[in-house]
Amino acid sequence: MPDTAPSPESPGAFPLRLKGYHGAPTPAQLIVVTFDPGQRMRRAVKGLAGFWGAMVVSVFIPIAHFVLVPSFFGIGIWQFVRRLRRHHLVRAARGACPDCGAEQEFELGAGPRFPQAVQCRRCHRGLTLAVAEAA
């Protein structure tokens, strides 16, 4: 199956499947958070404030401030615009390990790209998280 990314048209949870070494694949869900305009603005201002705060602190670092101040200024603006435009954010995937049955959240290393390798926190076995086929 080629790399695919679920398109969060309707935010919430998207069906996935979790394959392990033993047993049948188990169902899993992709957890997506949706931000309203107020939340997006708060996230954007928080990102801008963080980088601009670092910019103010870096003014007092000799020599390095010639690079750090303009960098933090530009990255702060870029982060502000990026967060303001982001309506949905993929947080994690949730499911039960097909090998040991432990229900858990899996952190996605490469964002919402599937299939993706994850690891069970209980039995430490490698698992594959993939998009569930439509029935």
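Leaving aside neighbours within four places in sequence, Arg 17 is in contact (heavy atoms within 4.5 Å) with Pro 25, Thr 26, Ala 28, Thr 128, Leu 129, Ala 130, Val 131, Ala 132 and Glu 133. The model is predicted: local features need pLDDT of at least 70, side-chain atom pairs count only at pLDDT 80 or more, and totals for chains, interfaces and linings use all residues. Residues are numbered from 1 along each chain as its sequence is written, and side-chain values use heavy atoms, with hydrogens and water left out.

**Arg 17**

- Arg 17 belongs to strand S1, residues 13–19; strands (E, at least two residues) and helices (H or I, at least four) are DSSP runs, numbered from the N terminus.
- Arg 17 counts as buried because its relative accessibility is 16%; buried means under 20% relative accessible area, exposed over 50%, and partly exposed in between (1.4 Å probe, protein chains only).

**Aromatic pairs**

- Rings of Phe, Tyr and Trp (its six-membered ring) pair if their centres lie within 6.5 Å; planes under 30 degrees apart count as stacked, over 60 as edge-to-face and the rest as tilted.
- By this rule there are two aromatic pairs.
- Phe 51 and Phe 72 form a tilted pair, with 6.3 Å centre to centre and 40 degrees between the planes.
- This pair links distant parts of the chain, since Phe 51 is in helix H1 (residues 37–58) and Phe 72 in helix H2, 21 residues apart.
- Phe 51 is partly exposed, at a relative accessible area of 25%, and Phe 72 also counts as partly exposed, at 22% relative accessibility.
- Trp 52 and Phe 73 form a stacked pair, with 5.3 Å centre to centre and 5 degrees between the planes.
- The pair of Trp 52 in helix H1 and Phe 73 in helix H2 likewise links distant parts of the chain, 21 residues apart.
- Trp 52 is partly exposed at 30% relative accessibility, as is Phe 73, with a relative accessible area of 40%.

**Nonpolar surface patch**

- Trp 52, Phe 73, Ile 77 and Val 81 make a nonpolar surface patch of about 310 Å².
- Such a patch consists of nonpolar side chains (Val, Leu, Ile, Met, Phe, Trp, Tyr) joined within 5 Å, from residues with over 30% relative accessible area and no salt bridge.
- Helix H2 (residues 65–85) supplies the largest share of the patch, three residues.

**Charge over a ring**

- Arg 43 lies over the face of Phe 35, at 4.5 Å from the ring centre; the criterion is NZ of Lys or CZ of Arg within 6 Å of the ring centre and within 35 degrees of the ring normal.

Key. Patch = residues over 30% accessible without salt bridge, like charges linked within 9 Å, V, L, I, M, F, W, Y side chains within 5 Å. Areas by Shrake-Rupley, 256 points an atom, 1.4 Å probe, with all protein chains shown as cover. Salt bridge = Lys/Arg side-chain N within 4 Å of Asp/Glu carboxyl O.
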